Amino acid sequence: MQDRRREWLAAIATVADETALAQVESRLLGKKGELQELLRSVSQLDKSERPAAGKALNELKQDVEAALAARRATVSAQSMERELAATGFDPSQPGPRRRIGSLHPITIVQQELVDLFTSMGFSWQDGPEVETEHYNFDALNIPGDHPARESQDTFWLDDGNLLRTHTSPVQVRTLRRFAKDFQPPLKVIVPGRCFRAETVDKSHEHTFYQMEGLVVDRKVSVANLIHTMKTCLRVVLGRQDLKVRLRPGFFPFVEPGFELDVNCPFCGGKGCSVCKQSGWIEILPCGMVHPNVLRQGGIDPEQYTGFAFGMGLQRVVMLRYGIDDIRLFMGGDLRFLRQFPTVSK
Ligand code: PHE
């Protein structure tokens, strides 16, 4: 009996896979298996020997079952390992690291600007990206036959609406919202996405970001405009020695209208390739709100004046980080995007 046990357990221990294991199991414990044969032989024994022989066989059966179960566990673990090795999967390797995204540079600068302007008492207004012709053009003093429409060629929708070409339509929307019981001063900023049918190149995009600003109160003047712009640009460009100058600029919804330049942050005004040796960089259009626009918004231009500006966010971001191709912003190249921080300061 001891020899039998040794032989059987050895047979189980050397089995290499599940099929062979099943074969051994049926050979040993099956209906026509060797254990059954032994059990049958017990009946031929002398009566006095039967109980001891039966007990010994039962123990043998239990040992064999335990050995089979243990071997089955080992064999199935081994076969799982083999399978994984064949797929090249290595469970001991660390899992993929979770990448934390970074903020888009336009988001960073926009957040800073919003923080700055809200600290000066401005509130954030929103407007639709799909705009009516009325708000985008007519209400801003740009009727259908006006040549200024040429410079803001846009995407028209089949229903007669359009993708807004600037954030200025929100000027009139905001004025109308507040006109009923107007409580001056009105100070708003409107960061947002705009669209133009441009041929895309290093400095032109069909989709871009602006931040409109509008202040309406009694006695608002160009001096207020200059002061606000200086404060804002000093903060975003991080320079205390920043100077600005105004040149005349034409936009039908402001009068007078200006192009505001800053002294070149790269050469300090001495002249370099970025400022094309002029020492100045054109940074944003602005002006005093045209009386017709105030009227369109339901505000009496005899009592109130205002200034407005339209900052191209990409332009400011490019100056701030020294980026020379506007297409990088929308290009989706992660190598570009990963250079910016995951959270703003
Ligand atoms: N909306 C004008 C543009 O996109 C910019 C602008 C805004 C000019 C406000 C003057 C005042 O070209």
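This is a predicted model: local features need pLDDT of at least 70, side-chain atom pairs count only at pLDDT 80 or more; totals for chains, interfaces and linings use all residues.
In which strand is the place of proline 256? Proline 256 has its place in strand E7, which covers residues 254-263, and a cis peptide bond joins this proline to glutamate 255.

**The ligand and its surroundings**

- The ligand is surrounded by 14 residues, and the closest are His166, Ser168, Arg196, Gln210 and Gly310.
- Sorted by class, the shell around the ligand is made up of 7 nonpolar, 5 polar and 2 charged residues.
- At least two residues of this shell come from each of strand E5 (207-217), strand E8 (280-289) and strand E9 (305-312), and E9 gives the most, with 3 residues.
- In serine 168, a polar side-chain atom lies 2.8 Å from a nitrogen atom of the ligand, while in glutamine 210 a polar side-chain atom lies 2.9 Å from an oxygen atom of the ligand.
- The side chain of glutamine 152 has an N or O atom that is 3.5 Å from an oxygen atom of the ligand.
- On its own the ligand has 330 Å² of accessible area, and the protein covers 95% of that area.

**Helices H3 and H4**

- Helix H3 (residues 34-42) and helix H4 (residues 50-87) have axes that come within 10 Å and cross at roughly 170°.
- Angles over 145 degrees count as roughly antiparallel, and H3 and H4 are therefore roughly antiparallel to each other.
- From H3, the contact is made by Leu35, Leu38, Leu39 and Val42, and from H4 by Arg50, Ala53, Leu57, Leu60 and Lys61.
- When the residues of this contact between H3 and H4 are divided by class, 7 are nonpolar, none is polar and 2 are charged.

**Details of the backbone**

- Most peptide bonds are trans, and most residues other than glycine have a negative phi.
- The bond that joins proline 184 and proline 185 is a cis peptide bond, with omega about 0°, and proline 185 lies in the loop between helix H7 (169-179) and strand E4 (186-195).
- For the cis peptide bond between glutamate 255 and proline 256, omega is about -5°.
- Lysine 219, a residue other than glycine, has a positive phi, near 60°, and this lysine is found in the loop between E5 and helix H8 (222-237).

Technical notes
Residues are numbered from 1 along each chain as its sequence is written. Side-chain values use heavy atoms; hydrogens and water are left out. Axes are lines fitted to C-alpha atoms, for helices over the stretch in contact, and angles run from 0 to 180 degrees between N-to-C directions. Helices (H or I, at least four residues) and strands (E, at least two) are DSSP runs, numbered from the N terminus. Angles under 35 degrees count as roughly parallel, over 145 as roughly antiparallel, 65 to 115 as roughly perpendicular and the rest as oblique. Contact means heavy atoms within 4.5 Å. Ala, Val, Leu, Ile, Met, Phe, Trp, Tyr, Cys and Pro count as nonpolar, Asp, Glu, Lys and Arg as charged, and the others, Gly among them, as polar. A residue is near a molecule or strand if one of its heavy atoms lies within 4 Å of it. A polar contact is a pair of N or O atoms within 3.5 Å; within protein, one must be able to donate a hydrogen and the other to accept it, and residues adjacent in sequence count only if both atoms are side-chain atoms. Accessible areas come from the Shrake-Rupley method with a 1.4 Å probe; for residues, only the protein chains shown count as cover.
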